[in-house]
Amino acid sequence: MFAQPDWDQVHREMARVGVTLKLLHGEYADSCAAAGAPVMGYDRFCRTYQRHVLVTGVASRVGHKAGQTVEVDWSGPTMQLTDPATGKARTVYLFVGCLPFSRYAFVEPALDMKQDTWLRAHVAMFEAFTGSVPRIVPDNLKTGVIKHPREGEVVLNDAYREMAAHYSAAVLPGRVRAPKDKASVENTVAHVATWIIAGLRQRPFTSLPELRAAIIERVAAYNAEPFQKRPGSRASVFAAEEQPLLTGLPATAYEISRWAYGRRVGRNGHVVWERNYYSVPFAHIGTTVDLRITDRVLQAYRGTERLTSHLLLPEGAANEYRTNDADLPAGEKYRQWDAPRVREWAGRLGPAAVTVVNRIFESVPVDEQGLDAALAVLRLSRRYSAERLEAACRLALAGHVRSPRYAHLQPILATEQDKAAGLRPPRDEPAEHGGYVRGAEYYAGGAK
């Protein structure tokens with residue numbers, strides 16, 4: 001008579017990652033040899049284990065390992081929210097996740113099926129599980145999988161791959177038109193229609209938090225329902241055998257991100273995002289970078305190299321700058337432009353230029369919003385002379401525009417009106433406040 005192992009222990013060990021019947025038979029044979037007991041062969045060992053599974057009514061663990069895989073999908077059936085004021089209904093979609101080993105389920109309601117919503121549902125799922133798994137098996141939806149060819153590598157969405165990497169997981173989508181690749185979640189989706197959608201059909205919901213709370217209650221009842229053909233329930237098997245084997249959650253929560261590709265770094269060493277400016281290391285001026293934007297942070301990448309990181313400016317901000325000192329070139333020659341430095345440059349041109357610059361700064365709520373306009377005026381001295389720009393500023397200030405800008409000064413210099421004003425003899429009568437527009441004498445041909 002062969003020595004019999006503890007088949008319940010064998011069944012528990014089969015739930016662990018990497019454990020096979022071949023390994024367990026080897027350990028069994030070693031223990032029998034040490035005790036001098038007769039050893040059954042490997043084939044008999046496997047058949048006896050399968051018989052134990054049938055007799056006790058438990059499920060065989062040859063196919064699924066605990067804490068290895070989660071299958072995810074959107075539920076086909078949907079729910080609704082009702083606006084209490086207008087009575088208008090809004091569609092609610094259900095994200096469903098299932099651990100195949102324990103069949104433990106997770107359901108999250110959402111108002112759309114966009115990429116950010118898809119990722120946030122994964123984050124909520126892993127937090128509910130209090131751990132993650134190495135494999136995420138989704139369907140081939142565009143929010144996660146860009147291309148799944150018959151041959152070659154699967155092309156994943158960058159944000160989805162990044163989210164999976166944060167949880168030390170890999171995305172392994174099921175084959176196209178092969179629902180058996182994620183049979184557990186397909187089966188759970190069908191149960192969700194009964195337990196949640198049908199179970200809550202008589203209750204009206206007006207807000208997503210209210211609906212989410214009701215769904216959590218129904219899912220908890222579903223997970224606690226006893227199995228029909230095996231002992232325990234989804235919740236008990238998950239708590240006792242699968243949850244301890246999950247990968248621990250990262251120390252920092254995952255932040256949903258979006259990408260903006262091919263943004264050019266300006267001559268001022270900054271890249272534009274939503275009407276604001278963020279510095280990039282000066283060596284990358286003139287090149288293109290990719291931006292990763294989360295709820296709090298903007299990061300600039302060159303390929304896979306992260307160049308810099310900034311706290312995101314608040315929503316509604318415009319023409320503001322975020323500049324890291326490390327992004328600026330070393331040495332005393334480089335200084336960031338600010339109002340005092342702009343006024344210093346204007347002072348080297350003349351008092352009229354200083355007045356123009358001061359009026360530009362007076363016309364904006366904060367100095368930073370006037371920097372670009374003031375610098376545009378002063379840079380005219382590079383194309384024309386400092387003397388001509390000063391003369392153009394005097395001429396513009398004599399006109400009806402209180403705060404002259406580039407659009408007023410450039411035409412004066414282009415048409416050389418500043419030179420004509422310098423050659424014209426002074427008049428005794430008070431000058432008309434008409435700016436630099438030609439007067440009545442010009443249009444009358446000199447006739448009185």
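Is G97 buried or exposed, and what is its relative accessible area? G97 is buried, with a relative accessible area of 0%; here buried means under 20%, exposed over 50% and partly exposed in between, using a 1.4 Å probe and protein chains only.

The legends below describe a predicted model, in which local features need pLDDT of at least 70, side-chain atom pairs count only at pLDDT 80 or more, and totals for chains, interfaces and linings use all residues. Residues are numbered from 1 along each chain as its sequence is written, and side-chain values use heavy atoms, with hydrogens and water left out.

**View 1. The whole chain.** Let's start with the overall picture: the chain has 16 helices and 15 strands. Both are DSSP runs numbered from the N terminus, helices being H or I with at least four residues and strands being E with at least two. Of the 448 residues, 40% count as buried. Among contacts (heavy atoms within 4.5 Å) between residues at least 6 apart in sequence, 61% join residues at least 24 apart.

**View 2. G97 in strand β3.** Back to the glycine of the opening question: G97 lies in strand β3, residues 89-99. Leaving aside its neighbours within four places in sequence, G97 is in contact with E71, V72, Y104, A105, F106 and M125.

**View 3. G199 in a loop.** This glycine is found in the loop between α6 (183-198) and α7 (208-224). G199 is partly exposed, with a relative accessible area of 39%. Apart from neighbours within four places in sequence, G199 is in contact with T194 and R218. The C-alpha atoms of G199 and R218 are separated by 8.0 Å, although the two residues are 19 apart along the chain.

**View 4. Aromatic rings.** Rings of Phe, Tyr and Trp (its six-membered ring) pair if their centres lie within 6.5 Å; planes under 30 degrees apart count as stacked, over 60 as edge-to-face and the rest as tilted. By this rule the count comes to 17 aromatic pairs. In one of them, the rings of W7 and F45 have centres 5.1 Å apart and planes at 45 degrees, so this pair is tilted. Because W7 lies in helix α1 (residues 7-13) and F45 in helix α3 (residues 42-56), the pair ties together parts that are 38 residues apart in sequence. Both W7 and F45 are buried. Elsewhere, W74, F95, Y104, F106, W118, F129, Y160 and F238 form one aromatic cluster.

**View 5. K22 and Y42.** The charged end of K22 sits over the ring of Y42, 4.6 Å from its centre. A charge sits over a ring if NZ of Lys or CZ of Arg is within 6 Å of the ring centre and within 35 degrees of the ring normal.

**View 6. Helix α11 and its cover.** Helix α11 (residues 371-378) is mostly covered, with 6 of its 8 residues buried. The buried residues are L371, A373, A374, L375, V377 and L378. Their cover includes α9 (339-349), α10 (351-362), α12 (380-383), α13 and α14.

**View 7. Helices α13 and α14.** The axes of α13 (residues 386-397) and α14 (residues 406-414) come within 9 Å and cross at roughly 120 degrees. Axes are lines fitted to C-alpha atoms, for helices over the stretch in contact, and angles run from 0 to 180 degrees between N-to-C directions. The two helices are therefore oblique to each other; angles under 35 degrees count as roughly parallel, over 145 as roughly antiparallel, 65 to 115 as roughly perpendicular and the rest as oblique. R388, L389, A392, C393, L395 and A396 in α13 meet L409, I412 and L413 in α14.
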